[in-house]
Amino acid sequence: MNKQRKIYIADDEANIRAAIKTFLENAGFLVQDFENGDLLLEAFATESADLVVLDVMMPGSNGFVVCKTLRKTSKVPIIMLTARDSDLDYATGLDLGSDDYLIKPFSPMALVKRVEAIFRRIDFERGE
């Protein structure tokens, strides 16, 4: 089931992208990572993903901008993954349309479990 699910990650920190990618691929997902939100948006315009993981603080289009942009045309599940931990940041992420908001430092296993939970919910809603 997971092999068919593609996840896009945008984070300007290469080590965080690599860790997330490794954990998600080990869970059976197809993963493509991007060093900023603009590159993710370019890729998404050509080929959408089944889920997006966004850092908030990135050069160019930050995660909030990317989330808002994606929400104009897509219902793709979005998980914000950021060091910005204020209540206002959390509320902003959710108000812009993200499905979840995780604070760095984070547990990669917890991220994988949240991704799986989102897909279980989607499958249930589709009757699968």
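**Note on helix packing, cores and selected residues**

1. G93 lies in helix α4 (residues 87–95), where helices (H or I, at least four residues) and strands (E, at least two) are DSSP runs numbered from the N terminus. At 0% relative accessibility, G93 is buried (buried is under 20% relative accessible area, exposed over 50%, partly exposed in between, with a 1.4 Å probe and protein chains only). Leaving aside neighbours within four places in sequence, G93 is in contact (heavy atoms within 4.5 Å) with F64, C67, S98 and Y101. Its C-alpha atom is separated by 8.6 Å from that of G63, 30 residues apart along the chain.

2. On the basis of the values: the model is predicted, so local features need pLDDT of at least 70 and side-chain atom pairs count only at pLDDT 80 or more, while totals for chains, interfaces and linings use all residues. Residues are numbered from 1 along each chain as its sequence is written, and side-chain values use heavy atoms, with hydrogens and water left out.

3. The largest nonpolar core has 20 residues (such a core is a set of buried Ala, Val, Leu, Ile, Met, Phe, Trp, Tyr and Cys residues joined through side-chain atoms within 4.5 Å). Y8, L40, V52, L54, L70, I78 and M80 touch the most other members. Two or more residues come from each of β1 (6–10), α2 (37–46), β3 (51–54), α3 (63–71) and β4 (78–82). Another core, of 19 residues, lies apart from this one and includes I7, V31, L111 and V115.

4. Which residues does L54 contact, beyond its neighbours within four places in sequence? They are A10, L40, G63, V66, C67, I78, I79, M80 and L81.

5. Helices α2 and α3 pack at an angle of about 15 degrees, with their axes 9 Å apart (axes are lines fitted to C-alpha atoms, for helices over the stretch in contact, and angles run from 0 to 180 degrees between N-to-C directions). This makes α2 roughly parallel to α3 (under 35 degrees; over 145 is roughly antiparallel, 65 to 115 roughly perpendicular and the rest oblique). G37, L40, L41 and F44 of α2 meet V66, T69 and L70 of α3. The contact residues divide into five nonpolar, two polar and no charged.

6. Helix α1 (residues 14–26) and helix α5 (residues 108–125) pack at about 50 degrees, and their axes are 9 Å apart. The two helices are therefore oblique to each other. I20, F23 and L24 of α1 make the contact with P108, M109, L111, V112 and V115 of α5. By class, the residues of this contact are eight nonpolar, no polar and no charged.

7. T82 lies in strand β4. Is T82 buried or exposed? Its relative accessible area is 0%, so T82 is buried. Not counting residues up to four places away in sequence, T82 touches D55, V56, M57, Y101, L102, I103 and K104.

8. The peptide bond from K104 to P105 is cis, with omega near -5 degrees. Most peptide bonds are trans. P105 is placed in the loop between β5 (100–103) and α5.

9. K75 lies in the loop between α3 and β4. With 82% relative accessibility, K75 counts as exposed. The C-alpha atoms of K75 and L51, 24 residues apart along the chain, are separated by 9.4 Å.

Conventions:
Nonpolar A, V, L, I, M, F, W, Y, C, P; charged D, E, K, R; others polar.
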